[in-house]
Amino acid sequence: MPSAIQIRRALPELKQWLGQEVRVLLISKTASSGFAMVENEQGKRRIFQVRKEASDLKLGDRGKIVLGFSGRNAQGLLLHKAMLGLLDFHQN
Amino acid sequence: MRKNVYIAGMGLTEFGELYERSMESLMHEATLEALDSAGLKAEELDAVFIGNMLGGELSSQSHLSSVLSELLNINCPIVRVENACASGGVAAHLAREAVAHGVHGRVLALGVEKMTDHDSASVNSCLMHAAAREEREAGLSFVSLYALMAQAYALENKLSESDLRTKLNQWSSKMHENACGFSKAQFKKIISPEEVGQSPILSEPLRLLDCSPISDGAAAIVLSAEQNEVELKDSVLASDAAALSQRSIQHGMPAVRRATELLFGQNDLDISSIDVLELHDCFSITGLIALQDLGVLDPESKQINAWGGLKAFGHPVAATGIRQIISAAKTLQKDQWALTHNVGGTGATAVLHLLRRN
């Protein structure tokens, strides 16, 4: 689990992605959510967690980065939960 | 002038869920066996390199040099090496360099990991220390990272989901078949390709039986410039960004490709010269990616992971790189070449070793 100060340090870089239009390059779905490698219009890449509500997301889709919260992954392992400011991906 | 480096002795514990064994007892057993097979006493060692990733996190012991000093009652230089799942291979690399450059005469390279004292959630969280910060923040685990790489591999090679699944099923099934002959392997159980394909999905497209296990174990080799049957001919190390998104490609490992080019270039060899391969298949897809990165076009012509690889022999992470060298050395026949491929993270560290039996 990241500490509060680690979360605080991570926020500025994460916030830069908020509201950005991105394209899905790679995606892997798990039982509870999934992960997508996305690329923004400047060609910068990052991996984000995909929320369950966006489970129909597929390769090549374009969408917007929104604020959200993470949960358990498919193995039922709690790696990092509800990290404040974690960004999720929702389709337009 | 560089010296030739030979494997003088080898030691290997059983790999698996060894609840009665401590990290210290595993490293002691592998070391004593390696010394015994080399016909050496501990005090005859000039230096030791210990590969270990998770001793601090999972056994509350990161100062392994002091532990080995006490176990063996020796006072030579002992260094702990940490490079994620490549820690063992990097320890062997440094040990080989020390002998080749004449810094030390007889050097022990040891890899040890004790992983099963904790629940898998804790272990997976600690393993993610080898990933990038942005990947931890997103809640990723290595199975999801390799799942993304599997998708990139399928796209690059124009494989349908079904074609990829067939290849992954065959890999895992073959590894279990290979491990069956080895008493020290973690899984000595045949699984069919169909069973792999029907196991639970963890992170699409990867399933439970695509994954190597969490394991305990230790492996050790003694290296020396005194001529012996198996020569550790060369070793190359390369590195890359931890974050998968920051690499030039996601369907392969640029660090492995760089190391391969260097290794073959400086030995005037190519992949067709290699008879025995030990590949780092922490997931079935990692085995397929390794074949592609090394340029293997005819896998049927080579002995690949003859002891079952990480997938079935087990993967006590820092012991793996040295276990691969032992497997390769024992599989090699006279005048054959072997190559071991050991990676850390999703390929941020790559270490290759070249062996020959004279």
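## Strands and helices in chains A and B

Strand 3 (residues 45–50) of chain A has 5 of its 6 residues buried, so the rest of the structure largely encloses it. The model described here is predicted. Strand 3 of chain A runs antiparallel to strand 2 (residues 34–40) of chain A, and 5 bridges join the two. Within this pairing, Met37(A) lies opposite Ile47(A) of strand 3. The hairpin formed by strand 2 and strand 3 of chain A has 4 residues between the strands, and Gly43(A) there takes a positive phi near 85°.

In chain B, strand 8 (230–239) is also described by its burial: 7 of its 10 residues are buried, so the strand is largely enclosed by the rest of the structure. Strand 8 of chain B is joined by 9 bridges to strand 12 of chain B, and the two run antiparallel. Ser239(B) faces Thr349(B) of strand 12 across this pairing.

Strand 8 and strand 12 of chain B are also among the elements that cover the buried residues of helix 10 of chain B; the others include helix 11 (284–294) and strand 11 (337–344) of chain B. The buried residues of helix 10 are Pro254(B), Ala255(B), Val256(B), Ala259(B), Thr260(B), Leu263(B), Phe264(B) and Asn267(B).

Helix 7 of chain B has 13 of its 15 residues buried, so it too is largely enclosed by the rest of the structure.

| Helix | Residues | Number of residues | End-to-end C-alpha distance | Expected span |
|---|---|---|---|---|
| Helix 10, chain B | 254–267 | 14 residues | 20 Å | 20 Å |

Each of these helices is followed by a residue with positive phi. After helix 7 of chain B comes Lys158(B), with phi near 55°; after helix 10 of chain B comes Asp268(B), with phi near 50°.

Helix 11 of chain B, part of the cover over helix 10, also packs against helix 8 (residues 161–179) of chain B, at an angle of about 100° and with the axes 9 Å apart. Helix 8 and helix 11 of chain B are therefore roughly perpendicular to each other. Helix 8 contributes Leu164(B), Lys167(B), Leu168(B), Trp171(B) and Ser172(B) to the contact, and helix 11 contributes Ser284(B), Ile285(B), Gly287(B), Leu288(B) and Leu291(B). By class, this contact between helix 8 and helix 11 of chain B has 6 nonpolar, 3 polar and 1 charged residues.

Key: Residues are numbered from 1 along each chain as its sequence is written. Chains are lettered from A and ligands numbered from 1 in the order in which they are written. This is a predicted model: local features need pLDDT of at least 70, side-chain atom pairs count only at pLDDT 80 or more; totals for chains, interfaces and linings use all residues. Side-chain values use heavy atoms; hydrogens and water are left out. The expected span of a helix is 1.5 Å times one less than its number of residues. Buried means under 20% relative accessible area, exposed over 50%, partly exposed in between (1.4 Å probe, protein chains only). Contact means heavy atoms within 4.5 Å. Two strands pair if DSSP finds at least two bridges between them. Axes are lines fitted to C-alpha atoms, for helices over the stretch in contact, and angles run from 0 to 180 degrees between N-to-C directions. Angles under 35 degrees count as roughly parallel, over 145 as roughly antiparallel, 65 to 115 as roughly perpendicular and the rest as oblique. Ala, Val, Leu, Ile, Met, Phe, Trp, Tyr, Cys and Pro count as nonpolar, Asp, Glu, Lys and Arg as charged, and the others, Gly among them, as polar.
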